[in-house]
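Hi,

Here is the structure I promised to pass on.

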Amino acid sequence: MRISYNWLKQFIKTEWTSEETATLLTDLGLEVEGIEKFQSVKGALEGVVVGEVLTCEKHPDADRLKVTMVNIGESTPIQIVCGASNVAAGQKVPVATIGTKLYDKEGVELLIKKGKIRGQESNGMICAEDELGLSDNHDGIMVLEDSLVPGTPLAKILEIENDEIFEIGLTPNRADAMSHLGVARDLRAGMTLKNVHPELITPSVTNFRVDKRTLKIDVEVKDTKLAPRYCGVTISGITVKPSPSWLQNRLKAIGITPKNNIVDVTNYVLHELGQPLHAFDASKINGKIVVKTVESGTKFITLDDIERTLHEDDLMICDEKGPLCIAGVFGGKNSGVNENTSSIFLESAYFNPISIRKTAKRHGLSTDASFRFERGIDPTITEYALKRATILIKELAGGEITSDIIDIYPKKIEDFSVVLNYNNVNKIIGQEIPKETIKKILVSLEIKVNSVSDAGLGLTIPSYRVDVQREIDVIEEILRIYGYNNINFSKKLNATVFNSSRTEDYKIQNSIATQLNSFGFHEMMANSLTKPDYVKLSENLREEFNVLMLNPLSLDLSAMRQSLLFSGLEAVSYNINRRNSDIKLFEFGKSYHKMPSGYEENKHLSLFVTGNDKLESWTYSQKPSDFFLFKGLVETIVNRLGIQKLETKPVISDVFGEGIAYYFGKDLIVELGTVKKPILKYFDIKQDVFYADFNWNFILKLISNKIKFQELPKYPEVRRDLALLLDENTMFESIYKIARQTEKTLVKEISLFDVYQGKNLQEGKKSYALSFILQDQGKTLTDEQIDKIMTKLQSNFEKELGATLR
């Protein structure tokens, strides 16, 4: 935000230098990031004075040159050789004296030196407008008014502005400081604590008078929640023309291009008081003004000549025929002020900040008005700013005020009430501040003290301080004005040494992240906000469990994610679309659920693998990642975590086409497998993606600082494999259940290590290769026992699934 120091000094009379002021503003929290010099004309015409041409004679050695004697207010006239055809005796002209630096419109410098031109001495230059940087006109020298006194600095006559501009890095909560008045309020509070007591001078509106009541435009506000306050007035008989130089200079200093006197006044008051205004051409308003929303899909052309499609929640300023302006954001092309405008309807309003922010984001618009409305402006200043702008328009554009001010304000926005406890102030600040100093600070901030007790104060916060609503906010204000630099701190250095557990979450994460990096994985961080419709891609996720945002930035960021899968697939799709199809990603993140018992947060580790396992080289041919390679990666992580005695079971989540799950007892450790084709299609992914979801919360509980061990089994385990031909609709889960029911004691593990479907198999069939780990804790298994178990398993598979051996 740019603040003009000259403009600021209209509110507070001070002799402080810009550096002193900038230091105080920074201490107050309005960080001045830089101070920039501003001159309405580069060089500020220093050294250029009014001269009077006393004589003008033809140059003896040049037909087009003239030798002049010019009075510049000194004891003796000076001789200047001039090539302008219009120079003549008796004229008052601008003279650049010796040593003056002139700059043209492109900023090219010209240094005026004493010299000779065709043998005649020349001690300066009589200037044209373009040579002074005032315009592109080079028809001849600039001729000034006859009444001017020779020697008068031209900068004084032309009202050349010399200013210093503060570039303030304003935090989003400080909506109250988004104007010169707001900055002046803070500056006064800071100066007051330094025993400097400047008066805050605000523009007077006592001259506001209705001249005639000949042009009344009625206003109807249909939604007072979106437009709590709406004011308007008509001004007739105006002349739209360029603004005077003082107003143009004010706007140029803060980076705004002047347009015409009406628009410039609205911009001036916006940056002066912080209240956005909008001027409508009154002749283009049909009937009355109606503040309302319109049907979704309505087309509207804005001032930038772009046709926009309106949303049903966009608040619009309309007349009886249709929309005129997007409220608080951008004006309409067909109702704006132009050079033919003779009467206007001037609007000043307070709009709902959330509504304006959503509309601005929806249409990709960011204007000075929306920037302030969406952060919250002062609802009490609406009418005052309207009067201020109306008076300025009358001064600059003529005309008459032709209606009373319409002020629709059905429900007044009340100031906030806060109780401040002295003990809390001292506790949070860490230093006792005298009670009288606290009161002095609060009063300087226009915070009203309603009641006083030994324990604290009862306060009323002005409504323009939308960021101060709690006791802690008031304490922050006290500390801000008191000065962070004034808080003492101990020179004693204290250090705390403690022994942290080796199973701290961050240590485990770092360990696993390092391992995954060594496998070629890259860590990703996805937004916890996502689309609420993603839950429809899985029956395991419930729409009613969505944690929805009250004020979402967009529909795509309106719900907290219930799974890390979909944000990960967004990243996979993004990379594939940019020709990076060999991907290994992992993320430590949380899922969020709105359960009947309350809100839940669960931490996960997710893995995503797709494409080729390694880059092709002369020693290694490309090999696509497959289920078993991915399964090995997952098992390596589990082993690194020191988790043993896991049991393999079918996956529960329906996001997997094929997959398995590892359990520790009844608790799920990790699910892994291939993501279902319909889900991949939703993200426009045409290649297999392998996904693993670790239950990180349970893993942290399972890991212990204590080293656990158990005696190695005395009797060996035995592995037997079966290759079964099955219907393609048969899932591993069915095989798993049958195997568990067939032999509950001796079958320790059941794993799927190969799936084949295609050539040399009947249509509608697939092959599963299964491994079975058998072990008896009390004795060595005999071949007879093993064969009996395997025969029984095979028989049950054939009976219940129609399976045959390959």
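Predicted model: local features only at pLDDT ≥ 70, side-chain atom pairs only at ≥ 80, totals over all residues.

**Helix pairs**

Two packed helices are described by the angle between their axes and the distance between the axes. Begin with helix α5 (residues 245-253) and helix α6 (residues 261-273), whose axes come within 10 Å and cross at roughly 50 degrees. Because of that angle, α5 counts as oblique to α6. The crossing of these two is left-handed. If you want to see who touches whom, pick out Trp246, Leu247, Arg250 and Leu251 in α5, which meet Asp264, Val265, Asn267 and Tyr268 in α6. Sorted by class, that contact has 5 nonpolar, 1 polar and 2 charged residues.

Now stay on α6 and look at its other partner here, helix α9 (residues 382-397). The axes of α6 and α9 come within 9 Å and cross at roughly 145 degrees, and this crossing is right-handed. On the α6 side the contact residues include Ile262, Val265, Tyr268 and Val269, and on the α9 side they include Tyr384, Arg388, Leu392 and Leu396. The contact of α6 with α9 divides into 12 nonpolar, 1 polar and 2 charged residues. Val265 and Tyr268 are worth a click: they turn up in the contact with α5 and also in the contact with α9.

**Cores**

How many residues does the largest nonpolar core have? There are 76, and Leu420 and Ile478 have the most contacts inside it. Leaving aside neighbours within four places in sequence, Leu420 is in contact with a whole list of residues, among them Val425, Ile438, Leu442, Leu457, Val474 and Ile478. There is also a second, separate core of 56 residues, which includes Ile637, Ile660, Ile699 and Leu724.

Ile391 is found in helix α9. Is Ile391 buried or exposed? Its relative accessible area is 13%, so Ile391 counts as buried. The C-alpha atoms of Ile391 and Val205 are separated by 7.4 Å, although the two residues are 186 apart along the chain. Not counting residues up to four places away in sequence, Ile391 touches Ser204, Val205, Asn207 and Phe208.

The other two are about backbone angles. Most residues other than glycine have a negative phi, and most peptide bonds are trans. Asp684 is not a glycine, yet it has a positive phi of about 60 degrees. You will find Asp684 in the loop between α16 (677-682) and β37 (689-695), and at 44% relative accessibility Asp684 counts as partly exposed. Asn760 also has a positive phi, near 75 degrees. Asn760 is in the loop between β39 and β40, and with 72% relative accessibility Asn760 counts as exposed.

Cheers

Conventions. Residues numbered from 1 in each chain as written. Heavy atoms only, no water. Axes fitted to C-alpha atoms, helices over the stretch in contact; angles between N-to-C directions. Helix = DSSP H or I, 4+ residues; strand = E, 2+ residues; numbered from the N terminus. Parallel < 35°, antiparallel > 145°, perpendicular 65-115°, else oblique. Left-handed = near helix turned anticlockwise from the far one by under 90°. Contact = heavy atoms within 4.5 Å. Nonpolar A, V, L, I, M, F, W, Y, C, P; charged D, E, K, R; others polar. Core = buried A, V, L, I, M, F, W, Y, C linked by side-chain atoms within 4.5 Å. Buried < 20%, exposed > 50% of the residue type's maximum accessible area, 1.4 Å probe, protein only.
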